[in-house]
Amino acid sequence: MKKSILFLVLALCGCSNPGQGSFSKAEKAVIDGQGEVLRVLTIGDRSDSLFLRGECKDFSDKELKSETFRTLSRKLISTVTDPSEDGVGIAGPQVGIGRRVVAVQRFDKEGEPFEVYPNVRIESKSGEMVSGQEGCLSIPGMRGLVPRYSKITISYKDPSTLETVRDTIEGFTAVIFQHEADHLDGVLYIDRADSLWTDNR
Ligand SMILES: [Zn+2]
């Protein structure tokens, strides 16, 4: 009797990936098994599309300190900056990793660097709603006009200090964060767009 309860507890821990969990075999296969540029999931593929509609989990502290997380961060930036993609932001589920992580180009910082934000959330949105053109690496050949807030406050976990950090962001960079954070909740820009059109340039 005791043995079966212990087994059940262990089985539950294995599935729920609690605070001290680590990357699954499938996640490691994606992160370590591909080249520097990861495959980008697109909505034209049925299983990709279902994955893109899922909700993402946070990283544990142990995971944030791992070599696997550092590799994922580096490859997210390699993927979004690859000439074949040439994006301004990318989210974990777009490369098949169902975790709360985004890489965003900080147009509001000197040198406009790409930075990686784990366990990111939008804490508040304010300012006026402004409609702007958006596209998505996972929805090739399409663009749309999407209303977004002009000012947001994000929170995320600094992987080196493991402290939760808050940052207030405005303008186009705030739009990118809203687009990428939506991905982590399974939401795509086409769900919010006022109008959509094909763009095969
Ligand atoms: Zn996108």
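User: What is the volume of the largest pocket?

Analyst: The model is a predicted one. Among the residues lining the largest pocket, those closest to its centre are Gly87, Gly135, Cys136, Leu137 and Arg143. The volume of this pocket is about 620 Å³.

User: Which element supplies the largest share of the lining of the largest pocket?

Analyst: E4, E5 and H6 each contribute at least two residues to the lining. By type, the lining residues comprise nine nonpolar, 11 polar and seven charged. The largest share, six residues, comes from helix H6.

User: Which residues coordinate the zinc ion?

Analyst: The donor residues follow the sequence spacing C-x42-H-x3-H. Cys136 lies in the loop between strands E4 and E5, while His179 belongs to helix H6, so this pair ties together parts that are 43 residues apart in sequence. At distances of 2.1 to 2.2 Å, the zinc ion is coordinated by Cys136 (SG), His179 (NE2) and His183 (NE2).

User: Is His179 buried or exposed?

Analyst: A residue counts as buried when its relative accessible area is under 20%. His179 has a relative accessibility of 8%, so His179 is buried.

User: How many disulfides does the model contain?

Analyst: A disulfide requires a pair of cysteine sulfur atoms within 2.5 Å. Cys56 is buried, with a relative accessible area of 11%, and Cys136 is also buried, at 11%. By the distance rule, the number of disulfides is zero.

Notes: Residues numbered from 1 in each chain as written. Predicted model: local features only at pLDDT ≥ 70, side-chain atom pairs only at ≥ 80, totals over all residues. Heavy atoms only, no water. Buried < 20%, exposed > 50% of the residue type's maximum accessible area, 1.4 Å probe, protein only. Donors = N, O, S within 2.8 Å, 3.2 Å for Na, K, Ca; no water. Helix = DSSP H or I, 4+ residues; strand = E, 2+ residues; numbered from the N terminus. 1 Å grid on protein atoms, 1.4 Å probe; cavity = no way out; pocket = protein on both sides within 12 Å on 5 of 7 lines; lining within 4 Å. Points joined across faces, edges and corners; volume = space filled by probe spheres on them. Nonpolar A, V, L, I, M, F, W, Y, C, P; charged D, E, K, R; others polar.
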